[in-house]
Amino acid sequence: MKVNNIEAFVLTDHLKKSFYFSQWEYCQRKICLVKVTAEDGTIGWGEGYGPADVLSGGVKYLSRYVVGQNPLNSEVIWENLYRRTLDYARSGILMAAVSAIDVAIWDLKGKLLGLPVHQLLGGKKRDRIYPYATGLYFREENDLTRALADEAIEYKEMGYKAVKMKVGLSLKEDIMNIKAVRNAIGDNMELMIDANHAYNLPEAIHLARAVEDLNIGWFEEPISPEFYEQYAELRSKTCISIATGECEYLRFGFHRLLQKNAADILQPDLCACGGLTEAKRIAALASTYGVEIVPHTWGSNVAISAAMHFVANLDTIPGRLKMPEFKLEHDCTANGIRDDVTSPDFKIKNGTIIISDKPGLGVEVDERAMEKYLV
Ligand code: MG
């Protein structure tokens, strides 16, 4: 069996209402989906995390090294792509293009073999995982604090047991918003905060200490991903777990984080860090340091499904009679591409989702629905 063709699609959804976080505003959602077709017509889907237009160029450039290869040899394909990009792109968007192709190859491999990706990774070590809602972005509101609290309550009513909110506006506004959201959802729902590296070290320490008694699940990307030592120092100055890794690439990048004691939780994005192939190695590496992994996701159900299969297979460290909960990031922000083009949507029951046993990633991509998002 050989790969016959690779296509990259850039999809754009112009949002009715924009939203923003500590770095920039989203007026549209853009996603690069990758379609890999085998010679028997079987299709695998992948997705990249990063600027979709640039990603699609990367996928087009790399496709020459994949067409004609046997998709069952996913590591061989990965190795070729890695060697062809190493000189120019040890991190960044070209590695995200490698990741998008890798995810599509895993989906294709699963479909060709009639097996779910989690089984190809070694099997699912749990039947269900706990999605946490990613939302609570900033937007123009008369009373943003109130709007955030109301939105958090909606996630609780939808069945989520955990929610993550954006911070990074200013220390004063953040502390006020966090208190309001915690107050609204009560003590039984987990709450995480994400600054998208908006703060310097003294500000991050200040914010962490100011909200320590509000039972914060983790503080994500408090400071710039470049400052490994500052991450370690922040960890020593707060009891809140520190999470990072969505801007990190390959096992080499994650090894730096681990060696510097920079994080309690690593968040590789499977659509950027090197795909499922490399994420499995990152997980093995993290396990030798006893550091937890909760992957970052942002995009369509292709990206979310890749993360679901990966989390299904993660090692249970530490093991115990009452197993710890394994989380999956579930982006709940507006995204017509995710909702119209990719399915199924994940159904939450008792705060959990059942891991799919369908072949490949178990995701359908509606190419007719895709047309309206192609520009
Ligand atoms: Mg984040």
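Predicted model: local features only at pLDDT ≥ 70, side-chain atom pairs only at ≥ 80, totals over all residues.
The protein chain is assigned two domains, with domain 1 covering residues 3-114 and domain 2 covering residues 119-367. Their C-alpha centres are separated by 22 Å. To the contact between them, domain 1 contributes 41 residues and domain 2 contributes 52 residues. About 3,900 Å² of area is buried between domain 1 and domain 2, and carbon and sulfur atoms account for 65% of this area.

Polar interactions also span the two domains. On the side of domain 1 that touches domain 2, two or more residues are given by each of strand 1 (3-20), strand 2 (25-38), strand 3 (43-48), helix 2 (74-85) and helix 3 (93-113). Helix 3 supplies the largest share of that side, namely eleven residues. By residue class, the side of domain 1 that touches domain 2 comprises 19 nonpolar, eleven polar and eleven charged residues. Three salt bridges were counted between domain 1 and domain 2. A salt bridge also joins the side chains of lysine 17 and glutamate 141, with an N to O distance of 3.3 Å.

Two individual residues were examined for their surroundings. Threonine 37 belongs to strand 2 and is classed as buried because its relative accessibility is 15%, below the 20% cut-off. When residues up to four places away in sequence are not counted, threonine 37 touches Val3, Asn4, Asn5, Thr42 and Ile43. Asparagine 335 is located in the loop between strand 11 (327-331) and helix 12 (336-341). With a relative accessibility of 2%, asparagine 335 also counts as buried. A polar atom of the asparagine 335 side chain is placed 3.0 Å from the backbone nitrogen of isoleucine 337. Apart from neighbours within four places in sequence, the contacts of asparagine 335 are Asp13, Arg29, Ile31 and Gly299.

Across the whole structure, 26 salt bridges were found. One of the pairs consists of lysine 161 and glutamate 325, whose side chains meet at 3.6 Å, N to O. This pair links distant parts of the chain, 164 residues apart: lysine 161 lies in the loop between helix 5 (144-158) and strand 5 (162-166), and glutamate 325 in the loop between helix 11 (301-313) and strand 11. Lysine 161 is partly exposed, at 38% relative accessibility, and glutamate 325 is likewise partly exposed, at 36%.

The side chains of lysine 164 and glutamate 220 form a salt bridge with an N to O distance of 2.8 Å. Since lysine 164 is in strand 5 and glutamate 220 is in strand 7 (residues 216-220), the pair ties together parts 56 residues apart in sequence. Lysine 164 is buried, with 2% relative accessibility, and glutamate 220 is buried at 0%. Lysine 166 is paired with aspartate 194 in a salt bridge whose closest N and O atoms are 2.8 Å apart. Here the link runs from lysine 166 in strand 5 to aspartate 194 in strand 6 (residues 190-194), a separation of 28 residues. Lysine 166 counts as buried, with a relative accessible area of 5%, as does aspartate 194, at 1% relative accessibility. A network of salt bridges connects Lys164, Lys166, Asp194, Glu220 and Glu329.

Methods. Residues numbered from 1 in each chain as written. Heavy atoms only, no water. Domains from an automatic or database assignment. Contact = heavy atoms within 4.5 Å. Buried area = accessible area lost by both parts, 1.4 Å probe. Salt bridge = Lys/Arg side-chain N within 4 Å of Asp/Glu carboxyl O. Helix = DSSP H or I, 4+ residues; strand = E, 2+ residues; numbered from the N terminus. Nonpolar A, V, L, I, M, F, W, Y, C, P; charged D, E, K, R; others polar. Buried < 20%, exposed > 50% of the residue type's maximum accessible area, 1.4 Å probe, protein only. Polar contact = N/O pair within 3.5 Å; in protein donor to acceptor, adjacent residues only side chain to side chain.
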